[in-house]
Amino acid sequence: MNKKDGNNKREGARPTSARSNSKKPTPGGMPKRAQSPKKETRGKAEQSGAEAPKRAPRPAKSTQNNVSKPLKSDDIRLNKYISNSGVCSRRDADIYIQSGNVKVNNVVITEMGYKVKPGDVVNFDGSVLTPERKEYLVLNKPKNFTTSNEDDADHRNVLELVRGATKANIQPIGRMDKNTTGLLLFTNDTDMVRKFSLPNQKSAKIYQVSLDKNLKFEDLEKISNGVTLDGHKLYVDEISYIENEPKTEIGLKLRTPNVKVVRAIFESFNYDVIKIDRVAFAGLTKKNLPRGNWRFLTEQEIINLKNV
């Protein structure tokens, strides 16, 4: 995820006799110039012990590169360090830094791009930060569990299902009521939580919706052209009947992060929604993930989510 990720050519010896072995024809049939004096001179130089001047050796580039190449550093930008701790996003961290509310080793830091070294103590607005390693996992949520923190004897919180997964302070992305099932993403990455909570989403979600009666074809076409809810126009990416299923089973693809909108769409056409199951979320699917089970995301899946 990283991730998060020269061959030295062997130079052959340069031929020293290339010029002397040339057989270039001389004009007018003139005899070749004698080459023997040069050979004699060179021979005398060798006899006298004098060394011929040598060309200075060319520095080995690969050696220089290996020497000057810095080692991988564990330093981390101050705003990212703060964001990793879960208190705020990088953008908000920049505001705190510029305001002089961040100290590193008891020294106020206002420099953008300042890097924190291993062992540095970062004080954010009066509290010492301990950044967590980013964790990402997905749950196939069953019924009777909700993302709400309200006490209710009729439901339990989804955090119970992922309690043993990690010690990190993870939270679900988006909200689900007790009757909605399917994919639910958890993370302690506050930037990602904020990203997928924005009203204008680029990421698509796919739902399988079970209705109390068959969906009329004319209603299906009306929904496909968009629905007005509470004075706001909601656009639907795709809607269709589920193949080889009754016409009460509908597939719906849209980008809004609010699951309640799915129920509201069909209720506005006088259908009661029996069940909503999220089968895909921003490219993630629940394939090979039984109901009530969770798994950590792969490095590639994390990269894909960040690039959505």
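This is a predicted model: local features need pLDDT of at least 70, side-chain atom pairs count only at pLDDT 80 or more; totals for chains, interfaces and linings use all residues.
Strand S7 covers residues 136–141. Six of its six residues are buried, so S7 is largely enclosed by the rest of the structure. Burial holds on both faces. Tyr136, Val138 and Asn140 lie on one side, and Leu137, Leu139 and Lys141 lie on the other. S7 has an antiparallel partner in strand S11 (residues 180–187), with six bridges between them. In this pairing, Tyr136 is placed opposite Thr187 of S11. S7 also runs antiparallel to strand S19 (residues 294–296), to which three bridges join it. Here Leu137 faces Phe296 of S19.

S11 is also paired with strand S17 (residues 273–281). This pairing is parallel and has three bridges. Thr180 stands opposite Ile276 of S17. Strand S12 (residues 205–211) runs antiparallel to S17, and seven bridges join the two. Phe281 stands opposite Leu284 of S18. S17 and S18 form a hairpin with two residues between the strands. Within this hairpin, Ala282 adopts a positive phi near 50°.

An open sheet is built from four strands in the order S3-S2-S5-S6, with antiparallel pairing. Its edges are strand S3 (107–108) and strand S6 (127–128), each of which pairs on one side only. Strand S5 (residues 122–124) is linked to S6 by two bridges and runs antiparallel to S6. Asn123 lies opposite Val128 of S6.

Charged contacts come next. Side chains of opposite charge can pair when their charged atoms come close. The model holds eight salt bridges. One of them joins the side chains of Arg263 and Asp177 at 4.0 Å, N to O. Arg263 belongs to helix H7 (residues 260–267), while Asp177 sits in the loop between strand S10 (171–172) and S11, so the contact ties together parts that are 86 residues apart in sequence. Asp177, at 28%, counts as partly exposed.

A salt bridge also links Lys253 and Glu238, at 3.9 Å, N to O. Lys253 is in strand S16 (residues 249–254) and Glu238 is in strand S15 (residues 238–241), so this pair ties together parts that are 15 residues apart in sequence. Lys253 is partly exposed, with a relative accessible area of 25%.

The side chains of Asp277 and Lys286 meet at 2.3 Å, N to O, in another salt bridge. Asp277 is buried, with a relative accessible area of 6%.

Arg77 is located in strand S1 (residues 76–77). With 44% relative accessibility, Arg77 counts as partly exposed.

Technical notes. Residues are numbered from 1 along each chain as its sequence is written. Side-chain values use heavy atoms; hydrogens and water are left out. Buried means under 20% relative accessible area, exposed over 50%, partly exposed in between (1.4 Å probe, protein chains only). Two strands pair if DSSP finds at least two bridges between them.
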